[in-house]
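Dear colleague,

Please find the structure below, handed over for your study. A short account of the findings follows it.

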Amino acid sequence: MSAVTSWVAAVTVCRVGTPAELLADLAAGSRSGRLRHTEVIPARGGQLTDWPKDVSPVVVEALRGSGIAAPWGHQRAAMDHIAAGEHVILATGTASGKSLGYLAPLLSAAHEGSFAPGGRGATAIYLAPTKALAADQLARIERLALPGVRAATYDGDTPPEERRWVRAHANVVLTNPDLLHHSLLPGHERWSRFLRSLRYVVVDECHVYRGVFGSHVSAVLRRLRRVSARYGAEPVFILASATVGAPAVHAERLTGLPCVPVTQDESPRPARTVALWEPPMLDGGRRSATAEAAELLAELVARDAQSLAFARSRAGTEALATAARRLVAQVRPELEATIAAYRGGYLPQERRTLEADLRLGRLRGLAATSALELGIDISGLDAVLIAGWPGRRESLWQQIGRAGRSGAEALAVFVAADDPLDSYLVSHPEAVFAEPVEATVMDPTNPHVLTPHLAAAAAELPLTEDELDLFGPQARRLLDGLVDRGILRRRPRGWFWAREDRPGDHVSLRGAQGVVAVVEARTGRVLGTVDEASAHSQVHTGAVHVHQGDTWVVTELDLEQAVATVVRGDPGWTTHAQSVSSFRIVEPEAARPVGALQVSRGVVTVTSQVTGFLRRLPGGEVLGEHALDLPERTLTTRAVWWTAAPQGLEAAGIAGPDVPGAAHAAEHAAIGVLPLVATADRWDIGGVSTALHPDTGLPTIMVYDGYPGGAGFAARGFEAFEEWIAATAAAVHACRCRQGCPACIQSPKCGNGNEPLDKAGAIRWLDLAEP
């Protein structure tokens, strides 16, 4: 009996039940044995308190009218710290009402400031990492209908005439760090009236600002502090996140200011059932998490359970939604159109429509990337599926937190992918439920990030000696370098911008130096975008590209024009890019012995090139191999690498001819498990291994940060090397395959087609780390 027909009869009579009932139904019949662990997170009562006197009575009445009778204890604590002028990070659970903690004082100030001459006695900036989250908060503010509060979004979708109105009249501006960087700060003179009255800066979902992106945002916030001070303002910074480790430390790194943490969650929480689920083994390997989650999503939708399924990639999201639609059509055809995909790269109106349809219940199932894991107000979700480890515990709990937001009990199911870390976690549930979220890795002093921001700061206002401490101890050296290159001029009054162009145009906060538009050849319509760094492997000439369930073939990738031209059509195969990589050690920074290994970290240069692609049928058979002529890409970054003496490998049972396969397999497994100890996912990092590296003279495995200058992931791997490699060895040991599979040593991003790989050799190499 097929997986679909096994539940056809059931869904015609069964509807939404309790989370335990839903889970029992999902795990019944042909799926028995796939449920590896169930964790019930118990319900929790709440603790209400009184409104503080600092909150305007008008705001209190509006909030009461919206159904908020009184604040929870943690909301009141945040309001009290803000009233005292203290910088705050509110770090309580998902759906705990963190936004009220900052909205009440922010809206009170805006309302009362509207009576000042000019109508803007107090202003505020709200920063969100996504446009959708800013739009969601704006809708919430507008529903309160507070007199004198003029709130508006200001982002890349805002028309010029609306931008002028926002600058002239708004007292609450909801935007993102990118617009601060590219528009508000370079054009601060046009914002002078707004900035003179700047009282509060809210940094929502602040855990998102990690790695290189976090380093960029930390520089932008320091530039904002500096420009605000020019107009006599010293705003209070308020940060919020449900899933940030060491919140006070992260907040201080991000803002450069001491921040008081509010961490005691006093809101009520419904019970939540969280399941760890492992797909079955099939011929050729384990069933994919995407296919398994699609089947579960189809069944949940057919049972009238409104559900959200997270996938790890854009292509995975499209595939999951397409498969779920096809499956549900076989049992309840009227629901086929109620399942959709949501991911980055969609046009703004497409995203807004999907968000509204989900909120209103017109969509019953949605497959999404992490773009939807943040705090957009979506109530009433019965279940969340997570197809593959999302990279970090913080993301896992954000995604789990999307279920049950209306206060009802909910179900969340983590579906393990064919990946070393996923395999480890379903076998070690304590690593999911007994460990805190990871400390956020972010380096505000990264010179590759800080240098262009110093140039941008000098262009906004000449930098002076007494401002250098704001940007850290490297600032003077980096400024001297900018002077030597003719980018800045040194004068007695400070450092001045010396060029005709805008410095902000040369740097993107999100790591990508541009995007490639995906354009339909026949009509010229822009279907979406792909970041420039991914274009080589995702939209090369001949690539098969999926958008909203439709399949397209790339006929040309024009890197100079940043356009990938596509034609509609499904050729019946998928494409997989092939690449070659090498590395050079530029500057070792630290080293130590670990067992029979020598582990080091430092600066490296990685050279990579996409050289061709494979065409594969759905069953995995290779139809052909095709060469590509794409340029090399060079990355100077930070890495962790470890070496083993040939005699030690020989003694461990790894003969000379087996070293390349053993090293390659150990590299793949280590990359897959690094997110256990660092706030990275495997797409943030890369790896290279070699049987003999010229810089070490030894067999060498290296894992590097996939960002210029590094992002802190490799450094964290060096610090936690013993824990990292022990977990990697455990994952490979525990995998039931014989020769290696995606659950242990095969990598979905390997540019060498996962050849050569030696599972037994990898285990022996990893075991060399034991004391």
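Over the ring of which residue does the charged end of R615 sit? That ring belongs to W573, and the charged end of R615 lies 4.5 Å from its centre. Please bear in mind that this is a predicted model. A further case of this kind involves R230, whose charged end sits over the ring of Y231 at 5.4 Å from the ring centre.

Aromatic rings also pair with one another. Such a pair is described by the distance of the centres and the angle of the planes. Searching the whole structure gives nine aromatic pairs. In one of them, the ring centres of Y102 and Y126 are 6.1 Å apart and the planes stand at 40°, so this pair is tilted. It joins distant parts of the chain, since Y102 belongs to helix α5 (residues 98-113) and Y126 to strand β3 (residues 123-127), 24 residues apart. Y102 has a relative accessibility of 1% and therefore counts as buried; Y126 is buried as well, at 2%.

The rings of W642 and W724 have centres 5.5 Å apart and planes at 80°, so the pair is edge-to-face. Here too distant parts of the chain are linked: W642 lies in strand β27 (residues 633-644) and W724 in helix α24 (residues 721-734), 82 residues apart. Both W642 and W724 are buried.

Finally, consider helix α22 (residues 659-673). At 1.5 Å a residue, its 15 residues should span 21 Å, and the end C-alpha atoms are 21 Å apart, which agrees. Of these 15 residues, 14 are buried, so that α22 is mostly covered.

With kind regards

How values were computed
Residues numbered from 1 in each chain as written. Predicted model: local features only at pLDDT ≥ 70, side-chain atom pairs only at ≥ 80, totals over all residues. Heavy atoms only, no water. Helix = DSSP H or I, 4+ residues; strand = E, 2+ residues; numbered from the N terminus. Expected span 1.5 Å × (residues − 1). Buried < 20%, exposed > 50% of the residue type's maximum accessible area, 1.4 Å probe, protein only. Phe/Tyr/Trp six-rings, centres within 6.5 Å; stacked < 30°, edge-to-face > 60°. Lys NZ or Arg CZ within 6 Å of the ring centre and 35° of its normal.
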